[in-house]
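Please look over the sequence and the structure first, and then follow the text from one element to the next.

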Amino acid sequence: MSINENHGSMHKVVIVGGGTAGWLAAGVIAAKLSTKHSVTLVESPTVSSIGVGEGSWPSLRDTLLDIGISESEFLTLCQGAFKQGSSFVNWRKNAHSYYHPFTVPAAYNELDIHTYWRALTPNTPYQDAFSLQAAMCVAGKAPKQIATPDYAHVLNYGYHFDATKLADLLKQHCVDKLDVDYVSGHIGSIKSSSGGYIEKLVTECGKEIVGDLFIDCSGSSGLLIDKHFNVPWIPVKHTMLNDRAVALQVPYSGTDTEIKSTTVATAQTCGWTWDIALQHRRGVGLVYSSQFTNEEQAKQVLIDYVCERYPGAKEHELAFRTLSFEPGYRSQFWVKNCLSLGMSSGFVEPLEASAIAMVELGLRMLCEAFPHNKEHMEIVSKRYNSRFAYRWQRVIDFLKLHYVLSDREEPYWIAQRDKASIPDSLAELLELWKYQSPSRLDLIENEEIFPSASYQYVLYGMGYSTSVPPLRLSEGNKRKALRILETLQQTKSTYLQGLPSNRVLLNDIAKRYNNEKQLVPLHAQREKNEHASVSSCNNIKNTSDKKDTSYDRIGFR
């Protein structure tokens, strides 16, 4: 019985649209909600997903574990690779580069890391002062060993993956193992009650799909949130100038080619290129603004990038995909009994790969406060809308920060630094950070989309200057910081010796998966993660950090 008939319980969830967002939603909801609830996903047989969102945060480890997919299966079937953060090239002049790793600096929540970096090791790049992850990325090291259990880690990591293959894997798992009802068809009409709540969807072939809660994962078309409820889109083109992208898939020249474990973001005269390494190929693309570059010029910039870095690539075999988007987000994300997720909810640009993370955060909030009835839903949806309006604003602030700190002099980059394009919230923080380093006091949500550690990596990676605080340094804390630096140097040698390369580890995982085919039961995997401590070699510690509640962890873990 639907919600609008008697305000009764909400047991039937209907998801419109597949792709990464739709099938993640189906998997998480079906895995987490009780057996009283049912999940149906309806997907157009002719509308394909964009398939270029190939980077994630560490949070995806939790999500896949919750859904019940083993890491070995995911990495092998989706040609996945480890992502340990992002690296930025030429965002400032003079061949400048820096890293934004996923591992928070050691003792970040105990010491003012910026102050002790300046006091004790000022000639060391910020990324390397109290963290080893950037150095391991430079050395081509994986974030774990073959003995490390699924989803546990030595260094914090997310993934690069083939987005189309991930959607296929999620679809098969959801239908075969989580009892998700799959409907292939076009939505012909939407039937609503007198109160405006959706009662059911009707496909073009006449099939009725009744539901209590409808989740719009239909991408930029917004079949429910836009076409039905007419919820306005808040454009942010005045701040985020990029609105176009061109993408290519570049094969490796050999089976032993190095697999980089960062998304490499390289600034170009008219935008920036992403470079994502999977097991079998690279995904590369150029994000740009149509105000400054046309499509043909953008394609040439991308071809030049590929030919310069990968001389073995055959230009005539590369097929372009072109994307057009309007940066922004909905004025409301949850209206009546319709929740929007993914690109139907909002999209700014690919920088820092926040799109999947926003889907995961939305699903987490939904599942932790899943509405019992209409009255409950009115409260929950109001809170959801407030929380995600804040989160989209923080995404914009953080992404804009990368552009504001650039000193490049091309018209595109000058326009990105125009004071009129900088949000007041970011301008105020930049003024504040002249005198004190970013901290949890500046970002007050308990699950910040980008915590203060991320701001520090970008600020000081880009050469921003913060004054040394007037407080005298504690001798006790100074000794503590020195001990940490000494321990990190010892640990660095251990990691360099004990961690394999990405290619070697991924090959070993694929061999193990293909040989065994008998996946470890999920409850046993959880137990293995909880008790993972020291591997059998090199004394490298493994950590699972499942559902870490620490308030300032990159990737909201």
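A residue is called buried when its relative accessible area is under 20%, exposed when that area is over 50%, and partly exposed in between. The model discussed here is a predicted one.

**Strand E1 and its partners**

By that definition, four of the five residues of strand E1 (residues 12-16) are buried, so the strand is largely enclosed by the rest of the structure. E1 pairs in the parallel sense with strand E2 (residues 38-43) over five bridges, and in the parallel sense with strand E11 (residues 213-216) over four bridges. Strands of a sheet pair through backbone hydrogen bonds, either parallel or antiparallel. Individual bridge partners can be named as well, and the table lists some of them, together with one from a sheet described further below.

| Residue | Bridge partner | Strand of the partner |
|---|---|---|
| Ile15 | Leu41 | E2 |
| Val13 | Leu213 | E11 |
| Trp233 | Arg330 | E18 |

**Helix H2**

Between E1 and E2 the chain passes through helix H2 (residues 19-32), and this β-α-β crossover is right-handed. H2 has 14 residues and reaches 20 Å from its first C-alpha to its last, which is close to the 20 Å expected at 1.5 Å a residue. The helix is mostly covered, with twelve of its 14 residues buried; among them are Gly19, Trp23, Leu24, Val28 and Ile29.

**A sheet of three strands**

Elsewhere in the chain, three strands form an open sheet in the order E12-E18-E21, with antiparallel pairing. Its edge strands, each of which pairs on one side only, are strand E12 (233-235) and strand E21 (346-347). Strand E18 (residues 328-330) runs antiparallel to E12 and is joined to it by three bridges, and Trp233 has Arg330 in E18 as its bridge partner.

**Asn90 in its loop**

Asn90 lies in the loop between strand E4 (85-89) and strand E5 (97-101). Is Asn90 buried, exposed or partly exposed? Its relative accessible area is 23%, so Asn90 counts as partly exposed. When its neighbours within four places in sequence are left aside, Asn90 is in contact with Ala95, His96, Thr266, Ala267 and Arg408. As for Arg408, it is 318 residues from Asn90 in sequence, while the two are 8.6 Å apart in space, C-alpha to C-alpha.

Note on methods:
Residues numbered from 1 in each chain as written. Predicted model: local features only at pLDDT ≥ 70, side-chain atom pairs only at ≥ 80, totals over all residues. Heavy atoms only, no water. Pairing = 2+ DSSP bridges. Helix = DSSP H or I, 4+ residues; strand = E, 2+ residues; numbered from the N terminus. Buried < 20%, exposed > 50% of the residue type's maximum accessible area, 1.4 Å probe, protein only. Contact = heavy atoms within 4.5 Å. Right-handed = clockwise from strand over helix to strand, strands pointing away. Expected span 1.5 Å × (residues − 1).
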